[in-house]
Amino acid sequence: MTTDTLLPVFSALADETRWSILQALGEADASASALAGRLPVSRQAIAKHLSVLQEVGLVEPIRVGREVRFRVIGAELSATAARLDAIGREWDRRLAAIKEIAEGL
């Protein structure tokens with residue numbers, strides 16, 4: 001996962017409503033209508049937020065009879081977490097090198 005793919009994901013997750021939707025979908029797959037019943041947002045707004053989450057690969061629609069439900073794509077979230085972990089390790093390495101230089105002065 002490159003920075004180019006991380007930025008849209010972070011942008012999508014920066015919105016509080018989308019974060020709430022993602023958390024709700026983490027508990028169970030749900031339709032836009034079901035999510036609108038749980039969150040203080042209209043069904044139309046939920047649909048727009050789901051579209052953004054789908055565009056960045058965090059959720060996918062699944063058809064259950066006549067209903068379209070959405071589910072979280074765990075692999076994408078895991079890849080994002082792994083990339084953040086790698087960034088954190090790189091910063092730890094850099095800070096340790098700076099500390100070593102500073103202590104050697």
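Predicted model: local features only at pLDDT ≥ 70, side-chain atom pairs only at ≥ 80, totals over all residues.
Is Asp-85 buried, partly exposed or exposed, and what is its relative accessible area? Asp-85 is partly exposed, with a relative accessible area of 44%.

**Salt bridges within helix H5**

- A search of the whole structure finds seven salt bridges, and one of them joins the side chains of Asp-85 and Arg-89, at 2.3 Å from N to O.
- Asp-85 and Arg-89 both belong to helix H5, where they are four residues apart, or about one turn of the helix.
- Because Lys-99 and Glu-103 are four residues apart in helix H5, about one helical turn separates them.
- A network of salt bridges links Glu-90, Arg-93 and Arg-94.

- Strand E2, which covers residues 59–64, and strand E3, which covers residues 67–72, run antiparallel and are joined by six bridges.
- One example of this pairing is Glu-60, whose bridge partner in E3 is Arg-71.
- The two strands form a hairpin with two residues between them, and Gly-65, which lies in the turn, has a positive phi of about 65°.
- The side chains of Glu-67 and Arg-69 meet in a salt bridge of 2.7 Å, taken from N to O.
- Glu-67 is partly exposed at 31% relative accessibility, and Arg-69 is likewise partly exposed, with a relative accessible area of 31%.

**The nonpolar patch and Trp-91**

- Leu-7, Phe-10, Leu-84, Ile-87, Trp-91, Leu-95 and Ile-98 form a nonpolar patch on the surface, and together they have about 660 Å² of accessible area.
- The elements that contribute two or more residues to this patch are helix H1 (3–13) and helix H5 (74–104), and H5 provides the largest share, with five residues.
- Trp-91, one of the residues of the patch, is placed in helix H5 and is partly exposed, with a relative accessible area of 48%.
- The charged end of Arg-94 sits over the ring of Trp-91, at 5.3 Å from the centre of that ring.

Conventions: Residues numbered from 1 in each chain as written. Heavy atoms only, no water. Lys NZ or Arg CZ within 6 Å of the ring centre and 35° of its normal. Pairing = 2+ DSSP bridges. Patch = residues over 30% accessible without salt bridge, like charges linked within 9 Å, V, L, I, M, F, W, Y side chains within 5 Å. Areas by Shrake-Rupley, 256 points an atom, 1.4 Å probe, with all protein chains shown as cover. Salt bridge = Lys/Arg side-chain N within 4 Å of Asp/Glu carboxyl O. Buried < 20%, exposed > 50% of the residue type's maximum accessible area, 1.4 Å probe, protein only.
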